[in-house]
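This report describes, in plain terms, how some parts of one protein chain are arranged against one another. Please look at the sequence and the structure before reading on.

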Amino acid sequence: MLRKEQNDILTQTGPGTPMGALFRSYWLPALLPEELPENECPPVRVKLLSERLLAFRDTQGRYGLIDEFCAHRGVSLWFGRNEENGLRCPYHGWKYDVTGQCVEVPSEPAESGFCQKIKLKSYPLVERGGILWAYLGSREKQPPLPEWEFATMPASHRFVSKRVQECNWLQGLEGGIDSSHTSWLHRGELEKDPLFKGSKGNQYNLDDTKPYFEVVESDGGLNIGARRNAEHGKYYWRITQWVMPAFSMVPPRADHPMGGHFWIPIDDENCWTFNYEYHPVRPLHADEVHALKTGKSRHVVYIPGTYRAVANKDNDYLIDRAAQKAGITYSGVAGFAMQDSSIQESMGPVVDRTKENLVTTDNGIIMARHRLMRAAKALVENGVTPPGVDPTHQKVRAVSIVLPPDQPFKEAAKEQLKARPGMAHASV
Ligand code: FES
Ligand SMILES: [Fe+2]
């Protein structure tokens, strides 16, 4: 349970808020490259951390992320003309380059120098690993580019998608690091989904619905270990990675690719869920890519032309009560992604955490909240760079492993919890 002030701190990420300052310390997934597919293509509206921005790609292929609104009289530059290395406002022709610098004010004589004094807010936008990353913080503190292992893989080894989620980012994150719900909410999918089935770990998950949790701090966030019974007195451990502020990696199954999510605030009541899969030592198979593109694993089928899922809150996620009753799906909603999303959105845009009743399986969530609040306070009050900004904190892997009963996972799986280029993931 949290006090209202604590819930506000954790869930509010607009300009001037402590959690907003924290998020502005990192490179954040902002768009997919497919949204800006060619030079001089139409600009894209991007709302991030409650700021209304516009992304565009100029004549030379440079990306820009600038204030959505024209400095003259506030027209949305989404209506702008993308021409000759700049975006021109259609109202009176003021033109801006990818840095937000105004380069032309047609009504003023060029020699007046007027347009040099006009500059829109702008942020760097960089393509890496199948994602366009934005950094919304101060230029002096801009960190090195992200080093998440999936983003350093060849394109053949990874798959990335995004979808809009209609609730606060923290509800998403808390679902992502809550390993205990898998035995319930997802139990119908484990042996059906092509990216999950055939794993020995599935049986441990289904047989032992009362995992014991052990959570330890890592450099960048937390290692959240869920221990279930295996054979001969051994334990099956699923160790989830959380790296601050909004990255999670789900423990893998068999030789399937591994993956996870980022939850990036659009505003305080909506977020982007970016989903990645990758295999560290082989290209994804064609049938895996097909499955991922058609909504399997962590991905969804979209309403055409949008990043909104076909199953969404307006149609009750196409819940099938007969499938629920028959146990084909546990909640009646189909697919991992919309099972998670439906549950998380059902709490309302921002859940009231003053009313919850937490239990021991919520330890990971409790520790993540406290680490977030501590880091935001240290940043705002003393300028301390938060965990997860350092690229070495990002070189991690989630692990599923069977260990003897007397071995703590932090020691026994120490090497497997690191990104190890050229080596397969530890997976059961
Ligand atoms: S409002 Fe954009 S040029 Fe006038
Ligand atoms: Fe889930």
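In this predicted model, Trp169, Leu170, Leu173 and Glu174 of helix α3 are in contact with Ile365, Arg369 and Leu372 of helix α9. The residues of this contact divide into five nonpolar and two charged, with no polar ones among them. Helix α3 covers residues 169-176 and helix α9 covers residues 363-382, and the two pack at an angle of about 135 degrees, with their axes 10 Å apart. An angle over 145 degrees would count as roughly antiparallel, and 65 to 115 degrees as roughly perpendicular; α3 and α9 are therefore oblique to each other. Their crossing is right-handed.

Another part of the model is an open sheet of four strands, which has the order β5-β6-β7-β8 and antiparallel pairing. The table lists its edge strands, each of which pairs on one side only.

| Edge strand | Residues |
|---|---|
| β5 | 81-82 |
| β8 | 102-104 |

Strand β5 pairs with strand β6 (residues 87-88) in the antiparallel sense, over two bridges, and leucine 87 in β6 is the bridge partner of asparagine 82.

Which side chain does glutamate 104 meet in a salt bridge? Its partner is arginine 88, with a distance of 3.0 Å from N to O. Glutamate 104 lies in strand β8 and arginine 88 in strand β6, 16 residues apart, and the pair thus links distant parts of the chain. Side chains of opposite charge can pair when their charged atoms come close. In the whole structure, a search finds 29 salt bridges.

Definitions and conventions
Residues numbered from 1 in each chain as written. Chains lettered and ligands numbered in written order. Predicted model: local features only at pLDDT ≥ 70, side-chain atom pairs only at ≥ 80, totals over all residues. Heavy atoms only, no water. Axes fitted to C-alpha atoms, helices over the stretch in contact; angles between N-to-C directions. Parallel < 35°, antiparallel > 145°, perpendicular 65-115°, else oblique. Left-handed = near helix turned anticlockwise from the far one by under 90°. Contact = heavy atoms within 4.5 Å. Nonpolar A, V, L, I, M, F, W, Y, C, P; charged D, E, K, R; others polar. Pairing = 2+ DSSP bridges. Salt bridge = Lys/Arg side-chain N within 4 Å of Asp/Glu carboxyl O.
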